[in-house]
Amino acid sequence: MLSNEIITRVHAIIKDKDRVLADEGDRYCYAYDASFGVHVPDLVVQPMCTEEVARLMKLANEHRIPMYPRGRGTSLSGGPLPVEGGIVLDLSRWNQTLVIDEEDLVAIVSPGVITATINEKANQYGLMYPPDPSSAHVSTIGGNLAENAGGPRGLKYGVTKDYVLGLEVVTPEGEVIRTGGKTVKNVTGYDLTKLIVGSEGTLGIITEATLRLIPKPVATKTAMVIFDDLVDAGRAISHVLTSGILPSKMEIMDQSCVVAVENYQPSGLPTDIEALLLIEIDGHPAALEYEIEVVKQACHEVGAREVRVAQTKEEESDLWQARKLVSPAIVQHKPTKISEDATVPRSKIPDMFRKLKEIRETYHVDLVVFGHAGDGNLHPNIIADVRDREEMKRVEQAVEAIFKAAVELGGTLSGEHGIGTMKAPFMEMELGKIGLDMMKRMKSVWDPNNICNPGKIFPKPNQRFTLTHD
Ligand SMILES: Cc1cc2nc3c(=O)[nH]c(=O)nc-3n(C[C@H](O)[C@H](O)[C@H](O)COP(=O)(O)OP(=O)(O)OC[C@H]3O[C@@H](n4cnc5c(N)ncnc54)[C@H](O)[C@@H]3O)c2cc1C
């Protein structure tokens, strides 16, 4: 619990009473994210300028108060959960700055700006902000930066870190630093911008970002490719990518996902299949005519049953809408969704599919696969019921097996959702003891009092993986 003295000092920093939430009901709203675990903070504050954040961090340092930055709480890894109590810094109300600088091709944004609005505004200038997490309409740019979020377009355009030129950051000790700037090139010293991006709010609070924009491609084409064998769909991904073209998106849905979508909101997807790929290419319309033929041929060569090319913009958007429906559709069956994002080198996608099939059978779990397959970032999702303890034990074993499979295939625990609390127990498996220790040492230099998002990324001694906390 925070003392009255601390709460009075917080009020002295945040003059607007509405932006300091001490009521139990309000605090409960911040006890969750989109993953597992319930942790109620002692206080929630909603800073709306750099000075407020800096003063709060200084106060927190003086009194060793855990500080938990938060965007819109859509994290799938426990990122913003206040696991040690303390103060949640809700940055979602700080969304006033979204400036497009056409000449320098950059956007300047405050941390609470909703990601999709950056691209929408850039489009008005013929520009594009490519990172497109599926949560882009609800998550903040601050959260995306902290998690280094990615999306379907990551295949061709890269992820959040590839579009960050500069940051303003309040360090855990309350100092304000600027990293990078508006230039495309910058090799002055260590790349602190890239260090902060993906640091999950453990190295400082991002208070402003300068983002790179690129010209918006003039046209797109989408094909739906149908497979009778999931492993063939995996082979098709590498085959298309080595055929001389680079699609902008390549998403996979297995049969369970397709059936779930059709039951939820019929979208005209074929259900008598084992998997389908949605492939988008973008660029000049003349080039697209040629490239779509290359896609068709490459897919047929590895056993695709059929390639259907959307003929109109409506058909194209219906296909992508069907892909977006996967998450809401699969939870109609059972209420608990465990969403993993283990990522493997592209050549290993067929092997990963084989392993996922084995895991589904070994642990008798409802495992469905979809995701950004073009960059190896699969989303094996397990659908379960958290009230069924016996089932949840099998789910935990299956999740561990998924992580092991990904790492054994030369992949990674997380392609985009981050480590947070959920994957911390597995860090050493991927990084090794020394690798993990180097990260811990960096954390202690940046945050000597361990007040910035404590309890994340680094496992506690003997911390084990659990979804049920018993
Ligand atoms: C349906 C659904 C679909 C999703 N799809 C994708 C996807 O396609 N790709 C993907 O990458 N992720 C996806 N996610 C995960 C999630 O949306 C992302 O991780 C997103 O970046 C989180 O943003 P947020 O604003 O909700 O941040 P929060 O969840 O509030 O916080 C996330 C992390 O960022 C830190 N943080 C937040 N703001 C700041 C700041 N200003 N400074 C420092 N640290 C900060 C927090 O401490 C926390 O560690 C999905 C989630 C859902 C629920």
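What you have is a predicted model, where local features need pLDDT of at least 70, side-chain atom pairs count only at pLDDT 80 or more, and totals for chains, interfaces and linings use all residues. Residues are numbered from 1 along each chain as its sequence is written, and side-chain values use heavy atoms, with hydrogens and water left out.

Let's start with the whole thing. The chain has 15 helices and 18 strands; these are DSSP runs numbered from the N terminus, with helices being H or I of at least four residues and strands E of at least two. The C-alpha trace spans about 70 × 60 × 45 Å along its principal axes. For 470 residues, a compact globule would have a radius of gyration near 23 Å, and the chain agrees at 23 Å. That radius is taken over C-alpha atoms, and the globule rule is 2.2 Å times the number of residues to the power 0.38.

How much of the chain is buried? The share is 57% of the 470 residues, where buried means under 20% relative accessible area, exposed over 50%, and partly exposed in between (1.4 Å probe, protein chains only). As for contacts (heavy atoms within 4.5 Å), take those between residues at least 6 apart in sequence: 72% of them join residues at least 24 apart.

Now zoom in on E391, which sits in helix α14 (residues 389-408). Is E391 buried or exposed? E391 is buried, because its relative accessible area is 6%. Its side chain reaches the backbone nitrogen of D385 at 3.0 Å. Leaving aside residues up to four places away in sequence, E391 touches K334, I383, A384 and D385.

T466 belongs to the segment after α15 (427-446). Its relative accessibility is 16%, so T466 counts as buried. The T466 side chain also makes a polar contact with the side chain of E396 at 3.2 Å. A polar contact here is a pair of N or O atoms within 3.5 Å; within protein, one must be able to donate a hydrogen and the other to accept it, and residues adjacent in sequence count only if both atoms are side-chain atoms.

Last stop: S3, in the segment before α1 (4-13). S3 is partly exposed, because its relative accessible area is 34%. A384, one of the residues that E391 touches, is 381 residues from S3 in sequence and 41 Å from S3 in space, C-alpha to C-alpha.
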